[in-house]
Amino acid sequence: MTSAEDRYRAAISTMDAAAREQDEQRGLRERRVAEATEQARAGLQQEMGAAQKYAEHMDELNKRKQSAGGWATEKTLADKSRESLMEFGVEDEEADTGYTAYPTPSYGTPAPAAVAPRPEPAPEPAAPEPPRRGRHARQPDDEDDFSSTSWLV
């Protein structure tokens, strides 16, 4: 009977090993699903932040447009934060002191060379338009087409 008991124990240990392997595979799958879910959540949070900023910007532009009577002009849609930066500068500081700002003489030092503007890329040539027919030109008929006929024969 020892051989039957040995086979029975071997079968039980094989089934236990298969059950353990399935449990490990299930745990691995669940861990991967959890990681993928977390990555997707983080990506959506980033996209949501960008979408929120875009929505706020569009709301601001719409408010400006409405306050301008419904006209969407360059001045209405201009970035107001940049304009406020341009208001503060040397002029405001000098207005308080009462002194006039004069340019500093160079005394023979060469002026910095102006940086040449970057050349604009050449526009791509447009496709040639097909020849236009006259306003009262006749439609070509198959009977009137003599272009393949040699008249010098």
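Q: In this predicted model, which residue just after helix 1 takes a positive phi?
A: Look at the stretch just after helix 1. The phi there is positive, at about 85°. The residue is G69.

Q: How many helices and how many strands does the protein have?
A: Read the elements from the N terminus on. They run α-α-α-α. The count is four helices and zero strands.

Q: Which element of the protein has the highest mean pLDDT, and which the lowest?
A: The protein averages a pLDDT of 77. Of its residues, 65% score at least 70. Where pLDDT is low, the predicted coordinates should not be read in detail. The highest mean, 93, belongs to helix 1, and the lowest, 53, to helix 3 (residues 80–87).

Q: How far apart are the end C-alpha atoms of helix 1?
A: Helix 1 covers residues 2–67. Its 66 residues, at 1.5 Å a residue, should span 98 Å. The distance in the model agrees with that: the end C-alpha atoms are 96 Å apart.

Q: What share of the residues of the protein counts as buried?
A: A residue is buried when its relative accessible area is under 20%. The protein has 153 residues. Its accessible surface comes to about 15600 Å², with 56% of that belonging to carbon and sulfur atoms. The buried share is 2%.

Q: Which residue meets D23 in a salt bridge?
A: The structure holds three salt bridges. In one of them, the side chain of D23 takes part, with N to O at 2.9 Å.

Q: Are D23 and R26 exposed, partly exposed or buried?
A: D23 has a relative accessible area of 46%. R26 has 40%. Both values fall in that range, so D23 and R26 are partly exposed.

Q: Why can R41 and E38 face each other along helix 1?
A: R41 and E38 form a salt bridge, with their closest N and O atoms 3.4 Å apart. An α-helix has 3.6 residues a turn, so residues three or four places apart point the same way. R41 and E38 are three residues apart in helix 1, so their separation is about one helical turn.

Q: What is the relative accessible area of R41, and what is that of E38?
A: Both residues of this pair count as partly exposed. E38 has 45% relative accessibility. R41 has 47%.

Q: Which residue forms a salt bridge with E60?
A: The closest N and O atoms of this pair are 3.3 Å apart.

Q: Is R64 buried or exposed?
A: E60 has 35% relative accessibility and counts as partly exposed. R64 has 13%. The cut-off for buried is under 20%, so R64 is buried.

Q: What is the area of the nonpolar surface patch made by Y8, I12 and M15?
A: Take M15, one of the residues that make the patch. M15 lies in helix 1. At 57% relative accessibility, M15 counts as exposed. Together, Y8, I12 and M15 make a nonpolar patch of about 340 Å².

Key. Residues are numbered from 1 along each chain as its sequence is written. This is a predicted model: local features need pLDDT of at least 70, side-chain atom pairs count only at pLDDT 80 or more; totals for chains, interfaces and linings use all residues. Side-chain values use heavy atoms; hydrogens and water are left out. Patches are made of residues with over 30% relative accessible area and no salt bridge: like charges are joined within 9 Å, nonpolar side chains (Val, Leu, Ile, Met, Phe, Trp, Tyr) within 5 Å. Accessible areas come from the Shrake-Rupley method with a 1.4 Å probe; for residues, only the protein chains shown count as cover. A salt bridge is a side-chain nitrogen of Lys or Arg within 4 Å of a carboxyl oxygen of Asp or Glu. Helices (H or I, at least four residues) and strands (E, at least two) are DSSP runs, numbered from the N terminus. Buried means under 20% relative accessible area, exposed over 50%, partly exposed in between (1.4 Å probe, protein chains only). pLDDT is the predictor's confidence in each residue, from 0 to 100. The expected span of a helix is 1.5 Å times one less than its number of residues.
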